[in-house]
Amino acid sequence: MRLRQTTPRAGGLAFTLVEVLVSVAIIGIMFVSLYAGITSGFAVVQLARENLRATQIMLEKTETMRLYSWSQINSNGFIPSTFTAYFFPAVQSSSSLSSSDSVSSVAGSGTLYSGTVVITNAPVSSGYSDNMRLVIITVSWQSGEHTRTREMQTLVSQNGLQPYIY
Amino acid sequence: MTLVEVMVASGIAGIVFAAVASLSFYTARSFAALSNYVDLDQQSRNALDQMSMKIRQADGLLSYETNSITLSYQGGSLIYTYNSGTRQVTETVGGRTEVLLEECDYLNFQIFQRNTAAGTFDQFPVTSDTATAKLVQVSWTCSRTILGQKVNTESIMAAKIVIRKQ
């Protein structure tokens, strides 16, 4: 029986150029995908933060709606139709109620939110619809190349909390 | 393998290892920042929800500092205090204190009367008598550091809360 010895040629253990190119391409695609994913994750978190702040701004306006009387709600111009707010809210305060305390002030900064407040007739067909108003609060801001807009609505009634409070 | 080949291979390997190490470091820091932000945001949202719910149900404000307020609540007192040393916000109800928020860099309370100023969204601040306080405004910032740097981990909260029963 005759055995044939198969020994690799000199240099036969090395990779060919095609193998190297394919492996480099695969590694390149993997890294690009990985960092595209991370960048996308950051973008999602950034949008979530901006959304959260927008919700805070709209909720703040909605919350203070209950402080207005019915005549103020219906008075044209008493409640401004536009407003602005920043991502980092402005703060102006003194350390306590004492008049001798210094007043500190921190201006708002970061993303600028522009908002509108529309007070209109309530979308109800009942007889008491004249005693209700629909308040629509909208904020928009620039997020990268996109303009984002969010909206919140609430109903205000003439015979709601105000007569109870006053 | 010649000396030149070894030197060239070592140089290329060094560059590749440096690139991989820096990318790994960047990736790890990014994931840490994302998870920190999500954690802080969840903590802040829970704190604001709890604080808003109880302040709304309070009967009125008893005392005020920019870092602490005391409210009349269900026949007892409700105290929120920010300690800048421990970076904690605590809630005390009926003599029982629990930590509401941790890793808080800044917190500010402001109080306002029920009267709103025409043409603005502002309320008149309380100047002397805390019993006239109708609106509590609170804002805070929490953050964590990664290797000594605050990297995209700030959680910002701001809210105006109307004391319903006042």
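Hi everyone, let's start with one residue in chain B. B:Glu103 counts as partly exposed, because its relative accessibility is 24%, and partly exposed covers the range between under 20% for buried and over 50% for exposed. Where does B:Glu103 sit? Its place is the loop that links strand S5 (96–101) to strand S6 (104–116) of chain B.

You can find B:Arg87 in the loop between strand S3 (76–83) and strand S4 (88–93) of chain B. Is B:Arg87 buried, partly exposed or exposed? With 29% relative accessibility, B:Arg87 counts as partly exposed.

One more loop residue in chain B, and this one is a glycine. B:Gly148 lies in the loop between strand S8 (135–142) and strand S9 (155–162) of chain B. B:Gly148 is exposed, because its relative accessible area is 65%, and the cut-off for exposed is over 50%. Now look for B:Asp49, which is 99 residues from B:Gly148 along the chain. The C-alpha atoms of B:Gly148 and B:Asp49 are separated by 30 Å.

Let's move over to chain A. It has three helices and six strands. Of its 166 residues, 31% count as buried. Chain A exposes about 10700 Å², and carbon and sulfur atoms supply 58% of that area. As for contacts between residues at least 6 apart in sequence, 53% join residues at least 24 apart.

Now, the sheet. Four strands of chain A form an open sheet in the order S1-S4-S5-S6, with antiparallel pairing. Why do strand S1 (82–88) and strand S6 (146–157) of chain A each have one side without a neighbour in the sheet? They stand at the edges, so each has a single partner strand. From one strand to the next, the twist averages 25 degrees.

Inside that sheet, strand S4 (residues 109–121) of chain A runs antiparallel to S5(A), and nine bridges join the two. To see the pairing by eye, find A:Tyr113, which stands opposite A:Trp141 in S5(A). Then look for helix H1 (residues 17–64) of chain A, which lies across S1, S4, S5 and S6 of chain A. Helix H1 of chain A runs at about 150 degrees to S5(A).

How confident is the prediction for chain A? The average pLDDT is 83, and 80% of the residues score at least 70. Among the elements of chain A, strand S5 (residues 132–143) has the highest mean pLDDT, 95, while helix H3 (residues 161–165) has the lowest, 52. Over residues 98–103 of chain A the pLDDT is below 50, and this stretch has nine contacts in the model beyond near neighbours in sequence.

Last, how do the two chains meet? In the model, 42 residues of chain B are in contact with 37 residues of chain A. About 3700 Å² is buried between chain B and chain A, with carbon and sulfur atoms giving 63% of it. On the chain B side, B:Arg114, B:Phe121 and B:Ile156 lose the most area to chain A, together 20% of what that side buries.

Key. Residues are numbered from 1 along each chain as its sequence is written. Chains are lettered from A and ligands numbered from 1 in the order in which they are written. This is a predicted model: local features need pLDDT of at least 70, side-chain atom pairs count only at pLDDT 80 or more; totals for chains, interfaces and linings use all residues. Side-chain values use heavy atoms; hydrogens and water are left out. pLDDT is the predictor's confidence in each residue, from 0 to 100. Contact means heavy atoms within 4.5 Å. Buried means under 20% relative accessible area, exposed over 50%, partly exposed in between (1.4 Å probe, protein chains only). Accessible areas come from the Shrake-Rupley method with a 1.4 Å probe; for residues, only the protein chains shown count as cover. Two strands pair if DSSP finds at least two bridges between them. Axes are lines fitted to C-alpha atoms, for helices over the stretch in contact, and angles run from 0 to 180 degrees between N-to-C directions. Buried area is the accessible area (1.4 Å probe) that two parts lose on being put together, summed over both.
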